[in-house]
Amino acid sequence: MKLTFPPIGARIIKSSVAVALCMIVYFIRTFLPVENGIPFYGALAALWCIQPYTDTTKNNALQRSVGTLTGAVYGLLFLLLFRRLGLAIPEFVYISASISIIPVIYITVVINKRNASFFSCVVFLSIALTHSFDENPYLFVLNRVVDTFIGIIIGVAVNDFRLPVRRDDSTLYVSGLDDVLISQTSNYSKVELNRLICSGVKFTISTTRTPAELMSIMQGTDLQLPVIVMDGAALYDVKEKQYLDMTYLSPNASAEAEKIISECGLHCFVNTMLDSTLLIYYGELHNSAEKELFESHKHSPYRNYVRSEYRRKDMNERVLYITVLAEKIDIFLLERKLRQQLGASAKISLSDSEYEGFMYLKVFSPLASKENMMIRLKEYADADKIVTFGSVRDKYDIYINDGGGNATVKKLKKICRANGRF
């Protein structure tokens, strides 16, 4: 296994700063006429609140707060009961603390804060088992709560700290997918991309893939703007899960393409729109790649496969594109025939497949292009200009030739900072 040494990220730095601030607060408390507490608990709480996203930080802070208060209350009741009854005998305390875990956890269930149960138990046990025999255990309970809330406040403040920037609301950043974002992608890319989007950066994706493939690949990325899919044949709203704009093959071009494909002894998937739903008509599957594709994708919520005998095939049918998945030699022969016979009435696209020895061929409308759909997207995003990222030299504003993935996100961050900082 080859070790990799990624750069030290912001979360690591913030964790160190948060712990240092907890130590400074503890040092200041030593000069005050109150108990000093234990900085260890504050540091733990601060670290728990350092998270990639603000929502996660707030949720963790809430969990820790509820857990600490619940555990402290039960711990205090435990101390009062056993000291008043004079039952502070080690063996009896340990057994009783074990049984008391039941109501501690149960109360978190009752108030619907199940995620806080672990912290409730930690705080309760630290009080009941460690300090039941102290001369003045009640100060520990107080300081345990104070230490934790100091850590929570510091952790949330450090995690949410951002340098003041002027947001660039006029630029739309559009990135390719293959060899641009998904190559060598890590959690770093998704976290940083989400942070940029959350801060107001207008970012989206343009790809030859379908919405189903895109959403699977970019799972965990909070895309806010519509994406260009199917090589410019459609504009898809990922939030509302609906198509906003489509460019269709003409009925004559679609019928002619299907006829040529059939004459070559090949099968095709016909992607059509019925109202706002994408339907994929298919016939008898010819090869192992088609069968594997169908079996792995037929349950996807973004795909609706329908047997070809149920297809209506009339002049009102709206065909987005046609897909052929076949061996490379068959694809090249089919491409030549389609170009010869269809001419300018269709756009032919070839791409490698995930199945060894097989390729995809897709037939689109000649008007289906990423450039045309980008004009529509620019209007939708209310942007003044577009900056594109891609892996083809001289075709995009930012040329990606270093593996994509993390490198692309770093370049995007650099450009956003240059355009937006005071």
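I began at Ile348, which stands opposite Val363 in β11. I take strands as DSSP runs of E with at least two residues and helices as runs of H or I with at least four, numbered from the N terminus. The model is predicted, so I keep in mind that local features need pLDDT of at least 70 and side-chain atom pairs pLDDT 80 or more, while totals for chains, interfaces and linings use all residues. Residues are numbered from 1 along each chain as its sequence is written, and side-chain values use heavy atoms, without hydrogens and water.

I looked up the pairing next. Strands β10 (residues 347–352) and β11 (residues 358–364) are antiparallel over 6 bridges; pairing takes at least two bridges found by DSSP. Their hairpin has 5 residues between the strands, and Gly357 has a positive phi near 85 degrees there.

I then turned to α11 (residues 328–342), which has 15 residues and spans 21 Å from first C-alpha to last. I noted Ile331, Leu334, Glu335, Leu338 and Leu342 as its buried residues (under 20% relative accessible area, with exposed over 50% and partly exposed in between; 1.4 Å probe, protein chains only). They lie on the same side of α11 because they cover an arc of only 110 degrees around the axis, taken from the directions from the helix axis to the C-beta atoms. On the other side I found Ile329, Arg336 and Gln340 exposed.

I checked the cover over the buried residues of α11: it includes α9 (251–263), β9 (318–327), β10 and β11. After α11 comes Gly343, with a positive phi near 60 degrees.

Conventions:
The expected span of a helix is 1.5 Å times one less than its number of residues. Contact means heavy atoms within 4.5 Å.
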